[in-house]
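Hello,

Please find the structure below. My notes follow it.

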Amino acid sequence: FASMTDLWDQCQRMKQWSADQWVAPEQFTVEPWQGRLSLNLYGATMNMTSWSFSQLCSHAGVSKDTINRLSPETATQVFRETWPRGSKPFQVLAIKDSVRSIHRASYTRLHNVELLSVVKEFAVGFVPPQQANADLVQDGHSKPATGLYCGEQDLFAFLIDPTGWIEIEGEAFAPGFFVWNSEVGRRSVGIQTFFYQRVCQNHIVWDATNVTEYTRKHTTNVHDALREIQRMIAHLVEVRDQRRDSFAKVIKNAMTTTLGEDAEQVMQVLRNHGIQKVVAEHALKIAQRQGKFSIFSVVDALTRLAGQEVNAGDRTEADARGSSLLALAA
């Protein structure tokens, strides 16, 4: 999406157009339709998204890959024999004639627009990063890659503070954060705040440090997450200058404090902080080029290696483990 306003408007429309209904297990009927499978709920024929079909298979205890290899008629018979029985209804989220998700009663939905409303109100001064080199192509149309995304399964927004740059010993840092959610249960709701040095135009964050993360599953009290996310954003905004001063002190200490006198001692420190041996060895080789094993040089090496992770989740976890070393310089 080109802007936070565009993203918010779309999420608001999706909330207005979508509706929950409670469906008893015996009211679920899977049937062939135009060479595919459809759901019949209370006499209405409904399409399924890729995600809701995956959930249907999960509830029935059958493999999605196996079902996809069967004819619609055979697959229908499989669901007829494996679909759970009982008195507890399923929560079905639908938009027009399409089922977006199928959950059991324990699931509590948090709409994307509810999260964005908190961000919109409290993330004063934060904007999306620069656009990527190439636009995204969706439904045959070119759209700017801004760091604001919302699709069938989840929402993800990346915002930075362009006025928050601080320079320490020739290195520049600025605050930013990610927020995410899924209305259909694909992932948790959460926020991750950090200081970063640069953002590539493919929106990979390099040298993220001072990483703080909060997540919550979509259970009964999931709306409590909004208060915590509000608190984290408000704190980042209200004490921006104090945070920068504190951060500057930590980074200066990290640049002058060593983790050990030799590679063996530093390796032990890294292993104690959950860094895998292979990763630690590569990080030490990179850090050694700077002449000493300072906390900053090692964290910088670890974040560079984290940037090579294929999956965003793995990259985030690696960044967090590396950044935890900065506590030694506090």
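This is a predicted model: local features need pLDDT of at least 70, side-chain atom pairs count only at pLDDT 80 or more; totals for chains, interfaces and linings use all residues.

Residues are numbered from 1 along each chain as its sequence is written, and side-chain values use heavy atoms, with hydrogens and water left out.

Helices. The axes of α8 (residues 263-272) and α9 (residues 277-288) come within 10 Å and cross at roughly 135°. Helices here are DSSP runs of H or I with at least four residues, strands are runs of E with at least two, and both are numbered from the N terminus. Axes are lines fitted to C-alpha atoms, for helices over the stretch in contact, with angles from 0 to 180 degrees between N-to-C directions. α8 and α9 are therefore oblique to each other (under 35 degrees is roughly parallel, over 145 roughly antiparallel, 65 to 115 roughly perpendicular, the rest oblique).

From α8, Ala 263, Val 266, Met 267, Leu 270 and Arg 271 meet Lys 277, Ala 280, Glu 281 and Leu 284 of α9 (contact means heavy atoms within 4.5 Å).

Strands. β3 (residues 36-41) pairs with β4 (residues 44-48) in the antiparallel sense over 3 bridges; pairing requires at least two DSSP bridges. Leu 39 has Met 46 in β4 as its bridge partner. The β3-β4 hairpin has 2 residues between the strands, and Tyr 42 takes a positive phi near 55° there. β4 also runs parallel to β6 (residues 98-103), joined by 2 bridges. Here Met 48 stands opposite Val 99 of β6.

Regards
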